[in-house]
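The sequence and the model come first, and the text follows.

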Amino acid sequence: MNRLFKLQFLGPLALFAATLSAELAARALQYAPSSELLWFLNLKMFGIFQRSDAALSYLVPIDGFQFFGIALPIFALACVGLAARSRLSFTVATHLSVAYAGFLVLSWQAGVPSLQEASLATIAVPSGVGLYVMSTILGTCLLSFAITHLLYFLAVGKEVRALVSWLRRVSSRRTSHFFGFRGRIVFPTA
């Protein structure tokens with residue numbers, strides 16, 4: 001159970017690391033705009049973050065909001081959950097990380113012009129390294145999300161078993177009190 005509890009941390013950690021790397025690559029490109037490596041990192045590897053940043057900039061026009069406003073608070077909440085062994089903190093962190101990973105996928109879709117043929121919708125998927133980054137983020141977030149739900153189902157099952165055990169004890173006490181201590185019915189005599 002301890003390993004599963006710690007494994008919930010994987011999704012928020014992967015989201016934090018990828019967002020931090022994308023933010024650092026974007027900042028580094030500002031200082032060295034002629035670097036081919038930094039252009040590769042920004043366009044190919046972390047292109048999903050560029051599109052999501054463009055989508056978020058309409059709502060929140062703050063530089064680095066993906067990192068400071070979304071990924072860092074989710075990671076901090078997961079760290080609190082790990083340190084305090086709090087299920088609620090992990091639950092909120094894993095749900096938010098899955099929601100943000102889904103937003104990354106949807107923002108990638110929104111940035112690609114769509115072409116429909118024979119009523120089939122095309123799905124835009126990044127190629128190469130960008131696909132690996134996106135699938136790693138989405139996969140780890142979904143894994144931690146599933147583990148959170150598994151741990152809750154196990155906790156609910158434990159509580160239900162404890163309730164059933166308590167009801168059986170209470171029921172057996174009432175039955176033994178009604179029938180007397182020797183298993184026979186005791187009638188009052190006049």
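Helix 2 and helix 3 cross with a left-handed sense. The model is a predicted one. On the helix 2 side, this contact is formed by Ala22, Ala25, Ala26, Ala28 and Leu29; on the helix 3 side, Leu38, Trp39, Leu41 and Asn42 take part. Sorted by class, the residues of the contact of helix 2 with helix 3 are 8 nonpolar and 1 polar, with no charged residue.

Two packed helices are described by the angle between their axes and the distance between the axes. For helix 2 and helix 3 (residues 36–45), the angle is about 135 degrees and the axes are 9 Å apart. Helix 2 is therefore oblique to helix 3, since only angles over 145 degrees count as roughly antiparallel.

Helix 2 (residues 10–31) also packs against helix 5 (residues 65–84), where the axes come within 9 Å and cross at roughly 150 degrees. Because of that angle, helix 2 is roughly antiparallel to helix 5. This crossing, of helix 2 and helix 5, is left-handed. Helix 2 contributes Pro12, Leu13, Leu15, Phe16, Thr19, Leu20 and Glu23, and these meet Gln66, Phe67, Ala71, Leu72, Ile74, Phe75 and Ala78 of helix 5. The class count for the contact of helix 2 with helix 5 is 11 nonpolar, 2 polar and 1 charged residues.

Cys79 belongs to helix 5. Is Cys79 buried or exposed, or partly exposed? Its relative accessibility is 29%, so Cys79 counts as partly exposed; the buried class would require a value under 20%. Ser89 is 10 residues away from Cys79 along the chain, and the C-alpha atoms of Cys79 and Ser89 are separated by 8.6 Å.

Thr91 is part of helix 6 (residues 87–110). With a relative accessibility of 14%, Thr91 falls under the 20% limit and therefore counts as buried. Leaving aside residues up to four places away in sequence, Thr91 touches Thr148 and Tyr152. With Tyr152 there is also a polar contact, side chain to side chain, at 3.2 Å.

The accessibility values of the two residues are set out below.

| Residue | Relative accessibility | Class |
|---|---|---|
| Cys79 | 29% | partly exposed |
| Thr91 | 14% | buried |

Definitions and conventions: Residues are numbered from 1 along each chain as its sequence is written. This is a predicted model: local features need pLDDT of at least 70, side-chain atom pairs count only at pLDDT 80 or more; totals for chains, interfaces and linings use all residues. Side-chain values use heavy atoms; hydrogens and water are left out. Helices (H or I, at least four residues) and strands (E, at least two) are DSSP runs, numbered from the N terminus. Buried means under 20% relative accessible area, exposed over 50%, partly exposed in between (1.4 Å probe, protein chains only). A polar contact is a pair of N or O atoms within 3.5 Å; within protein, one must be able to donate a hydrogen and the other to accept it, and residues adjacent in sequence count only if both atoms are side-chain atoms. Contact means heavy atoms within 4.5 Å. Axes are lines fitted to C-alpha atoms, for helices over the stretch in contact, and angles run from 0 to 180 degrees between N-to-C directions. Angles under 35 degrees count as roughly parallel, over 145 as roughly antiparallel, 65 to 115 as roughly perpendicular and the rest as oblique. A crossing is left-handed if the near helix is turned anticlockwise from the far one by less than a right angle, and right-handed if clockwise. Ala, Val, Leu, Ile, Met, Phe, Trp, Tyr, Cys and Pro count as nonpolar, Asp, Glu, Lys and Arg as charged, and the others, Gly among them, as polar.
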